[in-house]
Amino acid sequence: MRPSSDREPDNARDVIRWVEAGRLTPAEALGRLRRLDGRLAPTVAVRVPEEAERAAEHVWREIDALIGLKEVKRQIREIWAFVEIQRRRGAVGLATEAQTLHMIFRGAPGTGKTTVARLVGRLFAALEVLPKGHLVEVERADLVGEYIGHTAQKTREVVRRAMGGVMFVDEAYSLARGGEKDFGKEAIDTLVKAMEDHKSEFLLILAGYPREMAAFLAANPGLYSRFPIHLDFPDYTPSELMLITEQMVRLREYRLSEEARAELARYWERRQAFWPENAGNARLVRNLVERAIRRQAVRLLHRGGPMSREDLMTLVWTDFEDSR
Amino acid sequence: LSAEVLVVGRPNAGKSLFVLNFAAFLGQRALRLAAASDGSLARWMPLERARREWVSPLPYTTLEPLAVRVVLGEGDRLLAVHLVDCPAVDDGSSPSDAVRRAWASTLARLVEARAVLHIVDAGVAPGVVDAELEAFVAPRAAYAVIANKCDLPGTGRAVRRLRSQFAPRPVLAVSARTGRGFPDVARFLAEHVRP
């Protein structure tokens, strides 16, 4: 009997051993591994229904892990349920509702609109509502051109990029500024046409400040009916901002000293009281944390001497104090 | 929340320089290096020193996979990604035990990979191993081809050729030296890499 190491390799480990022994080139090994594929770890390309469900669960867990946004999460859960039931109804031959899932996101900057849009795209990709689920973020300047005909061309190009995924128009109400002569109107018309021509091939999300969006939709009644889903993004509360701060610090492998934690909590409260507009903006958190990280570096180097792992990780209140 | 992205390709495609400069582009000033198999060996190294020690014009400078931790994303959705600079794989065989061991370690990682950046030198025709990498990896993992060295003249046509050869996979035109195309890579990873 031949020793087992001489047998043709029939599993990934043996294929790799043969490469090490010089009996296969990397290219040959990859070819063999490909043919062994059925016995290797599950692939992502071939989706069985349970896997689609798991993928959706996975994205949902990410959505659920977002800090705050309770109502947004509830509504997304509802949309998910709707899509799922329509799919199952279709599978047993029942009539299904047409799925118009275009959305309006109302909220101030830094309230999580883009983040949620990206996750919604991925959720819909997992549920196979959208083929790709990528996010194309645009604003007025990406859609509106400078001469007649230019706008339609620009807008169509953006739609083409968004095919299979999500087109996210930030500050969408700015398309309506400038009155009748403005090309913004042409961009809106082109978008509406694209929504008709490419039903369920892409998802359109219009986003902006609540009050401006309300006025925008009131002025364009044709739009209103095409966006059945409206999600509200409230400003973050001081305690939510604190949770976001801690999450961000943790992800960067830092930690907050006890004092820093207490003072930061007070800081977010104070901000809310004295400067309510823009106080709930999570982007402030990132700036704050990044500046504190730089301050900490200067502080440590200035102090000199030996630095423990603890020292290197800890952000103290003075790091934040000067950086506000 | 963290994920692993393998950086693979033939010798001298520019994998190590790509990993270092891309990490710098993402705002890392010092790198946390870990021998990828064992996180406990983590050590910090300033970027400049890593470039000196880690990148060279000689093939097979990288014989041990090295991981660099970077943070992707925005707002309160951040994703820590370990970019793993894998030893090269190449066509043909090698008389060196060390090289063959390095090949084997890269292949073993590829079997488990969930996200792969495949670096090719835009100035050099892809090898058999490049075609095999695509065929094995692309159906199993998030996958993009990075056409590197696009700062060199005449690479525009090469990139178009790569695009048709690797279609429908994404081929991103990049220069690890100048940072060209890094935003596209960041966008690709943000969209396709999951924890």
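Modeller: Let us begin with a definition: helices (H or I, at least four residues) and strands (E, at least two) are DSSP runs, numbered from the N terminus. This is a predicted model, in which local features need pLDDT of at least 70 and side-chain atom pairs count only at pLDDT 80 or more, while totals for chains, interfaces and linings use all residues. Residues are numbered from 1 along each chain as its sequence is written, chains are lettered from A and ligands numbered from 1 in the order in which they are written, and side-chain values use heavy atoms, with hydrogens and water left out.

Biologist: By how many residues are R187(B) and D184(B) separated in helix α6 of chain B?

Modeller: The side chains of R187(B) and D184(B) meet in a salt bridge, 3.3 Å from N to O; the term denotes a side-chain nitrogen of Lys or Arg within 4 Å of a carboxyl oxygen of Asp or Glu. R187(B) is partly exposed at 46% relative accessible area, and D184(B) is partly exposed at 34% (buried means under 20%, exposed over 50%, partly exposed in between, with a 1.4 Å probe and protein chains only). Both belong to helix α6 (residues 182-192) of chain B, where about one helical turn separates them, because they are apart by three residues.

Biologist: Which helix holds both R266(A) and E263(A)?

Modeller: These two side chains form a salt bridge with an N to O distance of 3.0 Å. R266(A) counts as partly exposed at 45% relative accessibility, whereas E263(A) counts as buried at 18%. They are three residues apart, about one turn, and both lie in chain A, in helix α12 (residues 258-274).

Biologist: How much area do chain A and chain B bury between them?

Modeller: The size of an interface is often given as the accessible area lost when the parts come together. Here buried area is the accessible area (1.4 Å probe) that two parts lose on being put together, summed over both. Contact, meaning heavy atoms within 4.5 Å, takes in 39 residues from chain A and 36 residues from chain B. With 60% of it on carbon and sulfur atoms, the area buried between the two chains is about 3,500 Å².

Biologist: Which residue of chain A forms a salt bridge with R69(B)?

Modeller: The count between chain A and chain B is two salt bridges. The closest N and O atoms are 3.7 Å apart, and the partner of R69(B) is E253(A).

Biologist: Which element gives the largest share of the side of chain A that touches chain B?

Modeller: The elements that give two or more residues to that side are α1 (12-20), α2 (26-35), α3 (49-65), α5 (113-126) and α11 (238-251) of chain A. The largest share, seven residues, comes from α2(A).

Biologist: How many residues does helix α8 of chain A have?

Modeller: The buried residues of α8(A) include A187(A), I188(A), L191(A) and M195(A). Among the elements that cover the buried residues are α7 (150-162), β4 (203-208) and α9 (210-219) of chain A. Helix α8 (residues 184-197) reaches 20 Å from its first C-alpha to its last, close to the 20 Å expected at 1.5 Å a residue, where the expected span is 1.5 Å times one less than the number of residues. The number of residues in α8 of chain A is 14.
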